[in-house]
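Hi everyone, thanks for making the time. I'd like to walk you through a structure, starting with the overall layout and ending at a few single residues. Please have the model open while I talk.

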Amino acid sequence: MEPIIRVKGISKRYRVGGGGQYYGSLRESLTSSMKAPLRLLKSRRGNSNLEAQSHFWALNDVAFDVEPGEVLGLIGSNGAGKSTLLKILSRITRPTKGRVELYGRVRSLLEVGTGFHPELTGRENVFLNGAILGMPRAETARKFDEIVAFAEVEKFIDTPVKHYSSGMYVRLAFAVAAYLEPEILLIDEVLAVGDARFWHKSTERMRELNRQGSTIVLVTHNMFLIQTIASQALWLRGGEIAGYGVPLNVIGLYRQASEKTEPNASVPADGNPVRINNLEMFPESQWASANEALPQSGVRVAFGVDTAPGKYLFLVRVTSPDGLPYFTTYSDRSEFLRPGRVKIEATIPRLMLNPGEYRLWVAVCAEAGEHQMLANDSLPLKVVSPRGIEASFNLMWNEASWRVSKPK
């Protein structure tokens with residue numbers, strides 16, 4: 001299979017300082033151009049190190065391929081070159097060296113204020129973006145209602161977008177990017193300006209797009225999101241690739257480097273046969289309804305795991321929709337001498353969560369723990385306030401009783 005994105009040794013150099021660009025009069029422009037050769041001659045006689053001191057390389061010889069249908073997560077500290085790389089992939093910025101090849105229709109969502117014309121209404125911008133992508137107007141019209149409903153801007157769709165809040169703008173921009181059939185979708189941390197509910201909607205939409213065959217490149221500082229949505233991860237450090245491959249492995253190296261520890265060379269091999277199946281969640285004690293827990297409710301989680309011989313650790317984690325962990329509970333380590341399917345159950349007697357939307361995750365790890373997570377899966381969890389009682393619990397650790405069967 002041929003890659004859908006090819007990045008061939010790209011580098012990007014920026015000039016340090018210099019302030020904003022100044023546009024003078026015609027006379028000033030002509031005078032400046034006449035003096036330019038003299039300035040050039042003087043500059044060549046100056047300090048040969050001046051150019052090196054006044055420029056820096058945001059990216060340096062970055063090369064990788066992305067296969068069709070992959071989700072590539074870009075991670076790294078601020079200033080590592082992630083946003084610069086996305087701008088080059090989006091054709092917003094030209095690389096100083098190297099080249100990028102894209103073989104598909106590209107949609108990008110990089111920063112608030114790009115992609116829409118501020119004087120046009122939301123409706124007009126939707127159709128303009130469809131035209132830019134080469135989509136027939138009838139096709140854009142067919143998806144228009146879905147876009148507006150997803151963005152939740154029905155009341156403002158005929159208002160110029162310059163009057164939108166940043167949240168409204170990003171919601172509509174993401175909806176346009178996600179519903180106009182992108183073959184390649186490029187997303188920066190811009191979604192962080194939205195609320196938690198929209199972030200959850202966006203991540204679910206990205207998963208759906210990926211299931212439909214879209215290729216996604218995502219920049220985020222949310223490591224748990226990278227673990228659960230990306231098929232490959234690329235770690236940039238100082239404009240260079242510091243790690244590339246299985247997300248859990250790359251994230252482990254990134255975290256270890258951030259903590260100034262030596263990288264752990266013991267990582268699980270690709271193609272590990274461990275699989276999670278039949279994940280189910282059951283009420284324990286009193287629930288508000290079949291699908292709504294109370295802060296004091298308990299929950300029982302059951303799932304099957306196809307294992308290979310080895311030692312394993314199981315966990316249950318409750319997170320916010322965007323992956324922020326609230327608590328995690330771990331099993332004891334279990335050793336299986338032969339392959340087979342095991343049944344796992346964990347009972348959490350009290351959730352102790354404030355009312356809201358959550359996700360409940362289960363995961364299988366190697367004996368070393370979370371740095372060698374082998375498989376994970378999740379279910380939505382909703383907690384509501386007791387009738388007549390305003391819940392105000394603090395977040396806290398929790399515990400569970402575990403029962404792990406032997407392979408059959």
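There are nine helices and 18 strands in this protein. Those are DSSP runs, H or I of at least four residues for helices and E of at least two for strands, numbered from the N terminus. Before I go on: this is a predicted model, so local features need pLDDT of at least 70 and side-chain atom pairs count only at pLDDT 80 or more, while totals for chains, interfaces and linings use all residues. Residues are numbered from 1 along each chain as its sequence is written, and side-chain values use heavy atoms, with hydrogens and water left out.

Of the 408 residues, 46% count as buried. Buried means under 20% relative accessible area, exposed means over 50%, and partly exposed is in between, with a 1.4 Å probe and protein chains only. The protein exposes about 21,500 Å², and carbon and sulfur atoms supply 50% of that; the area comes from the Shrake-Rupley method with a 1.4 Å probe, and for residues only the protein chains shown count as cover. Among contacts with a separation of 6 or more, 74% are between residues 24 or more positions apart, where contact means heavy atoms within 4.5 Å.

Now the sheets. Six strands form an open sheet in the order β5-β6-β7-β3-β8-β9, with mixed pairing. Two strands pair if DSSP finds at least two bridges between them. The edges are β5 (106-109) and β9 (240-245); each has a single partner strand, so one side of each is left without a neighbour in the sheet. From one strand to the next, the twist averages 15°. For the angles, axes are lines fitted to C-alpha atoms, for helices over the stretch in contact, and angles run from 0 to 180 degrees between N-to-C directions.

Let's go through some of the pairs. β5 and β6 are parallel, with four bridges, and valine 106 has isoleucine 184 in β6 as its bridge partner. β6 is also parallel to β7 (residues 215-219), again with four bridges, and there isoleucine 187 is partnered by leucine 218 in β7. On the other hand, β8 (residues 232-237) and β9 are antiparallel over five bridges, with tryptophan 235 opposite glycine 243 in β9.

Which way do the side chains of β6 point? Ile184 and Leu186 point one way, Leu185 and Ile187 the other, and all are buried. In a regular strand the side chains alternate between the two faces of the sheet. Helix α6 lies across β5 and β6 (184-187), running at about 160° to β5.

The largest nonpolar core has 46 residues, and Ile75, Ile147, Leu172 and Phe174 touch the most other members. Helix α6 (residues 166-179) gives the most to this core, with ten residues. By nonpolar core I mean a set of buried Ala, Val, Leu, Ile, Met, Phe, Trp, Tyr and Cys residues joined through side-chain atoms within 4.5 Å. Leaving aside neighbours within four places in sequence, isoleucine 75 is in contact with residues including Met223, Trp235, Val250 and Ile251.

Let's follow that last one. Isoleucine 251 is in helix α9 (residues 247-258) and is buried, with a relative accessible area of 1%. Not counting residues up to four places away in sequence, isoleucine 251 touches Ile75, Met223, Ile226 and Gln227. Isoleucine 251 and methionine 223 are 28 residues apart in sequence, yet 7.0 Å apart in space, C-alpha to C-alpha.

Nine bridges join β11 (residues 298-307) to β15 (residues 340-348), and phenylalanine 303 stands opposite isoleucine 344 in β15.

Is threonine 319 buried or exposed? Threonine 319 is buried, with a relative accessible area of 0%. A polar contact of 3.3 Å joins the side chains of threonine 319 and tryptophan 361. Such a contact is a pair of N or O atoms within 3.5 Å; within protein, one must be able to donate a hydrogen and the other to accept it, and residues adjacent in sequence count only if both atoms are side-chain atoms.
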